[in-house]
Amino acid sequence: MKVFAFVSEGQEEEKNMLENIQSIIEHAGSTGNLLMTHGFEPVTEAFGIRFYPARRKVIMDGIQYTLTRAQFHLLHLLAAYEGQLVSHSEIIQIITLTESSNYMRNLRKKLCLDSETSRYILKSVKRRGYLLIDRQEMN
């Protein structure tokens, strides 16, 4: 299933990045759910997070966040794996490995992923990758 169906002309870099994410998601065996079309924008949901790709917005725990392109794609990739490890080799298809810790740190901070009240935790696994954990599924 194509998670992202609409990309405007002139956005080749964005299209290539989305195709990389799509192939990684398919390889992981996660389908993602196409929920609805909001105008011409597909709205997807993965791991309880709603993604609005054209505006790079997400809704987590009822709160809307606007993310950078890299943050959006990283979060979507992590959510698609639904609590499973996303390896560094998969992450570097989106950003370089040297940038990954900075992007992850910024994503953690922006989405409060280390907060006690956050539903999700972004966990680093040394030398292997990252995973997004849903606290509700831990109980």
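The accessible surface of the protein chain in this predicted model comes to about 7,800 Å², and 48% of that area belongs to carbon and sulfur atoms. The chain has 139 residues, of which 43% count as buried. Its secondary structure consists of five helices and eight strands, and, read from the N terminus on, these elements follow one another in the order α-β-β-β-β-β-α-β-α-α-β-β-α. Among the contacts in the chain with a separation of 6 or more, 49% are accounted for by residues 24 or more positions apart.

In soluble globular proteins, nonpolar side chains tend to be buried together. In this model the largest nonpolar core has 28 residues, and those with the most contacts inside it are Ile 49, Val 58, Met 60, Leu 75 and Leu 132. At least two residues of this core are supplied by each of strand 3 (49–52), strand 4 (57–60), helix 2 (69–80), helix 4 (97–111), strand 7 (120–125) and strand 8 (129–134), while the largest share, seven residues, comes from helix 2. Met 60 illustrates how these parts meet, for, leaving aside residues up to four places away in sequence, Met 60 touches Ile 49, Tyr 65, Leu 75, Leu 111, Leu 113 and Tyr 120.

Because Phe 47 lies in the loop between strand 2 (41–46) and strand 3, whereas Tyr 120 belongs to strand 7, the pair ties together parts that are 73 residues apart in sequence. Phe 47 counts as buried at 8% relative accessibility, and Tyr 120 is buried too, with a relative accessible area of 0%. The other pair is formed by Phe 51 and Phe 72, whose ring centres are 5.6 Å apart and whose planes stand at 85°, so the arrangement is edge-to-face. Here the pair ties together parts that are 21 residues apart in sequence, because Phe 51 lies in strand 3 and Phe 72 in helix 2. Both Phe 51 and Phe 72 are buried.

Strand 7, which holds Tyr 120, runs antiparallel to strand 8, and six bridges join the two. Within this pairing, Leu 122 stands opposite Leu 132 of strand 8, and Leu 132 is also one of the residues with the most contacts inside the largest nonpolar core. Three residues lie between the strands of this hairpin, in which Arg 127 takes a positive phi near 65°.

Arg 119 forms one of them with Asp 134, the closest N and O atoms being 2.8 Å apart. Since Arg 119 lies in the loop between helix 4 and strand 7, and Asp 134 in strand 8, this pair ties together parts that are 15 residues apart in sequence. Arg 119 is partly exposed, with a relative accessible area of 22%, whereas Asp 134 counts as buried at 3% relative accessibility. Another salt bridge brings together the side chains of Arg 50 and Glu 45 (3.3 Å, N to O); Arg 50 counts as partly exposed at 31% relative accessibility, and Glu 45 is likewise partly exposed, with a relative accessible area of 24%. A further salt bridge is formed where the side chains of Arg 108 and Asp 114 meet (3.6 Å, N to O).

Conventions:
Residues are numbered from 1 along each chain as its sequence is written. This is a predicted model: local features need pLDDT of at least 70, side-chain atom pairs count only at pLDDT 80 or more; totals for chains, interfaces and linings use all residues. Side-chain values use heavy atoms; hydrogens and water are left out. A nonpolar core is a set of buried Ala, Val, Leu, Ile, Met, Phe, Trp, Tyr and Cys residues joined through side-chain atoms within 4.5 Å. Buried means under 20% relative accessible area, exposed over 50%, partly exposed in between (1.4 Å probe, protein chains only). Helices (H or I, at least four residues) and strands (E, at least two) are DSSP runs, numbered from the N terminus. Contact means heavy atoms within 4.5 Å. Accessible areas come from the Shrake-Rupley method with a 1.4 Å probe; for residues, only the protein chains shown count as cover. Rings of Phe, Tyr and Trp (its six-membered ring) pair if their centres lie within 6.5 Å; planes under 30 degrees apart count as stacked, over 60 as edge-to-face and the rest as tilted. Two strands pair if DSSP finds at least two bridges between them. A salt bridge is a side-chain nitrogen of Lys or Arg within 4 Å of a carboxyl oxygen of Asp or Glu.
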